Amino acid sequence: MRRGLGFWTGLGFTLLISAFLILPVLASVVAGVTANQFVGLSSGLTTRWVLEVWANYGGTVLLSLQIALATLAASLLLGIPAAYVLARHAGVTARLVEEALVMPVAVPGLATALGLILAYGAAGDLRSSWLFILVGHIVFCLPFMVRAVLAVLLALDLKALEDAARACGASWTQRFLGVVLPNIRGGVLAGSLMVVTLSLGEFNMTLLLHTPFTRTLPVGLADAYTALRIEMASAYTLIFFVLIVPLLSLMQWAASRAERLGTLR
């Protein structure tokens, strides 16, 4: 089939925008394996900077993964039931609760972090623990899980599904686990993808909540860019991409597979 001028124009524009977005990432990655960025690639390639970053800041990577997975677990345990209740009791009150859940997203992260410090900063050793950062991430990420699951629930005829299961003698637990959850797995996986992405990359709130012993990957990345050689800072970025790209790709694949299975059924 012959392609018209509009197709080639659109394709060229898309490739141009893609190159514009990807070029800074590639430049940073290359700098992270360049022996001397000021000399350029002619200075040779090396893994020295990556190894130094991992030796000195590997703990921030592991802590970020720990917090992201804990945030995901909490968002699943809190967000799915919250979305279910909001879908079952649609009305003015439910909409007000939904808007209240979204408020932390609308408020700047620094303001939310300050509020958390004022409200809970004096509670025992919480301020010096990674759990304090976890609380902030849950507050920030939970609305995305609720919205993703709620959108799928509202698209279903939830009452008809549950009535059919009830007519077959299913208890509430059986209806929820065996009927509701399988039909909303696409929304759950989409929400999980957003939660993990946002938690791993969250910086504004974490900047105020962290301590020298609870630095996450984005905070360590910012410190590296302001205090270290450009090669080490870029190597830090490379580690970040090596960590997050396969994880997000796996979650995207899982979400697509779940949607295909749901369509076949």
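**Figure 1. The protein chain of this predicted model reads α-α-α-α-α-α-α-α-α-α-α along its sequence.** In secondary structure, that comes to 11 helices and 0 strands. Along the principal axes, the C-alpha atoms fill a box of roughly 75 × 70 × 30 Å. Of the 265 residues in the chain, 38% are buried. Take the contacts with a separation of 6 or more: 75% of them join residues 24 or more positions apart.

**Figure 2. Confidence along the protein chain, from helix 5 to helix 11.** The chain has an average pLDDT of 83, and 95% of its residues score at least 70. Among the elements, the highest mean pLDDT, 90, belongs to helix 5 (residues 130-155). Helix 11 (residues 230-264) has the lowest, with a mean of 75.

**Figure 3. Helix 2 meets helix 8 in a right-handed crossing.** Here you can follow helix 2 (residues 48-88) as its axis comes within 9 Å of the axis of helix 8 (residues 185-201). The two axes cross at roughly 145 degrees. On the helix 2 side, the contact is made by Ser64, Leu65, Ile67, Ala68, Thr71, Leu72, Ser75, Leu76 and Ile80. Their partners in helix 8 are Val188, Ser192, Val195, Val196, Ser199 and Leu200.

**Figure 4. A closer look at Ser75 in helix 2.** Is this serine, Ser75, buried or exposed? Ser75 has a relative accessible area of 0%, so it counts as buried. Which residues is Ser75 in contact with, leaving aside its neighbours within four places in sequence? They are Ile80, Cys141, Leu142, Met145 and Val195.

**Figure 5. Phe240 and Phe241 form an edge-to-face pair.** The structure holds 4 aromatic pairs. In the pair shown here, the ring centres of Phe240 and Phe241 are 6.0 Å apart. Why is the pair called edge-to-face? The ring planes stand at 75 degrees, and an angle over 60 counts as edge-to-face. As for accessibility, Phe240 is buried, because its relative accessible area of 14% is under 20%. Phe241, at 26% relative accessibility, counts as partly exposed. Both numbers fall in the span of helix 11 (residues 230-264), the element with the lowest mean pLDDT (75).

How values were computed. Residues numbered from 1 in each chain as written. Predicted model: local features only at pLDDT ≥ 70, side-chain atom pairs only at ≥ 80, totals over all residues. Heavy atoms only, no water. Phe/Tyr/Trp six-rings, centres within 6.5 Å; stacked < 30°, edge-to-face > 60°. Buried < 20%, exposed > 50% of the residue type's maximum accessible area, 1.4 Å probe, protein only. pLDDT = per-residue confidence, 0-100. Helix = DSSP H or I, 4+ residues; strand = E, 2+ residues; numbered from the N terminus. Axes fitted to C-alpha atoms, helices over the stretch in contact; angles between N-to-C directions. Left-handed = near helix turned anticlockwise from the far one by under 90°. Contact = heavy atoms within 4.5 Å.
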